[in-house]
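Here is a short report for someone meeting this structure for the first time. Look over the sequence and the fold, then read on.

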Amino acid sequence: MIAPDKVTLNNESGIGTITLNHAPANAYDIDLLQQLENAVLEANENGEIKVVMIESALSKFFCAGADIKTFGANDKATNQILVQQARSVAEQISQSSKIYIAAIEGHTLGGGLELAMACDLRFAAEGDYLLGLPEVKLGLIPGNGGTQRLLRLIGTSQALDLMATGRSINPKEALDLGLVDRLIPAARHREETLAFARSLAEGPSLAIAAIKRSVNEGAHLSLREGLALEKNLVDPLYDTEDATEGYAAFTEKRQPQFKGR
């Protein structure tokens, strides 16, 4: 009997949906992470996919990160392979020219929150679940980018508080801190997240990719260096078909039809 996939990728109308489905908690193992990396690479290389959404098929969990019992039973070499795979997935997401949206509807902990933070946006559903980085309770620190991405999202003192205590927070607290970008009623969460993704997929993908790069790289540059990066990214866009279409649509008072070229 063939085991069901733990990760699937579907493409519809320019939106690539990566679904985690490894009961009971989408906990990391080497097989799941390899499937996840393959899905991310496939989405990045597919020219028809403009935006990627990562979601869970499970009702209670987005992702719980590493399975603690398995992680504790593994030898150091095996765990290092698992951690390196998780880091590789996060790097492929953050370096992609496409916008990644984490659609969160359940517990998002440890490596699961690190996965969500590697995405460009996090849209959370209202609900009774938790988000956090509890690694300190195991005598560890977040090792898949958590310490660095969290402080950039919510600031140094708040990040230090959450990671040093290992405490978890609810979705409303996560919104207030800036850890998630939108908090949506659960009944409308997937519909509204898809609608947002669709609006990006219909947009000028070259310009959106340039915006993502300018923001992500510019955050670590001086103002002078950031402005130089912005100039280098915008100048080629003036000669694209999308820019010509954007001008024409504005003048003709109609919706633009962007082609990504």
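## Helix 8 and its surroundings

Helix 8, residues 189–201, has 13 residues and spans 18 Å from its first C-alpha to its last, close to the 18 Å expected at 1.5 Å a residue. The model is predicted.

Which residues of helix 8 are buried? They are H189, T193, L194, F196, A197, L200 and A201. These residues cover an arc of only 160 degrees around the axis, so they sit on the same side of helix 8. A general rule fits here. An α-helix has 3.6 residues a turn, so residues three or four places apart point the same way.

The buried residues of helix 8 have several partners. They pack against strand 2 (15–20), strand 3 (51–56) and strand 5 (99–104). They also pack against strand 7 (121–125), strand 10 (182–184) and helix 9 (205–218).

## The nonpolar cores

The largest nonpolar core has 43 residues. Those with the most contacts inside this core are I18, I54, I93, Y100, L115, L150 and L179. Helix 1 gives the most to this core, with six residues. In soluble globular proteins, nonpolar side chains tend to be buried together.

I93 shows what such contacts look like. Leaving aside neighbours within four places in sequence, I93 is in contact with V40, I54, Y100, L115, A118, C119 and K212.

## Two cysteines, no bond

How many disulfides are there? The count comes to zero. The sulfur of C63 is 11 Å from the closest cysteine sulfur, in C119. That is too far for a bond, because a disulfide needs the two sulfur atoms within 2.5 Å. C63 is buried, with a relative accessible area of 0%. C119 is buried too, with a relative accessible area of 4%.

## Backbone features in the loops

The loop between strand 2 and helix 1 (30–45) holds P24. The peptide bond from A23 to P24 is cis, with omega near 5 degrees. N26 has its place in the loop between strand 2 and helix 1 as well. Phi of N26 is near 55 degrees, a positive value in a residue other than glycine.

S13 lies elsewhere, in the loop between strand 1 (7–12) and strand 2. Phi of S13 is also near 55 degrees, again a positive value in a residue other than glycine.

Is S13 buried or exposed? S13 is exposed, with a relative accessible area of 60%. N26, at 0% relative accessibility, counts as buried.

## A residue in helix 6

Q158 lies in helix 6, residues 156–165. Q158 is partly exposed, with a relative accessible area of 32%. Q158 and I18 are 140 residues apart along the chain, and their C-alpha atoms are separated by 30 Å.

## Accessibility side by side

The table gathers the values for single residues.

| Residue | Relative accessible area | State |
|---|---|---|
| S13 | 60% | exposed |
| N26 | 0% | buried |
| C63 | 0% | buried |
| C119 | 4% | buried |
| Q158 | 32% | partly exposed |

Conventions: Residues are numbered from 1 along each chain as its sequence is written. This is a predicted model: local features need pLDDT of at least 70, side-chain atom pairs count only at pLDDT 80 or more; totals for chains, interfaces and linings use all residues. Side-chain values use heavy atoms; hydrogens and water are left out. Buried means under 20% relative accessible area, exposed over 50%, partly exposed in between (1.4 Å probe, protein chains only). Helices (H or I, at least four residues) and strands (E, at least two) are DSSP runs, numbered from the N terminus. The expected span of a helix is 1.5 Å times one less than its number of residues. The arc is that of the directions from the helix axis to the C-beta atoms. Contact means heavy atoms within 4.5 Å. A nonpolar core is a set of buried Ala, Val, Leu, Ile, Met, Phe, Trp, Tyr and Cys residues joined through side-chain atoms within 4.5 Å.
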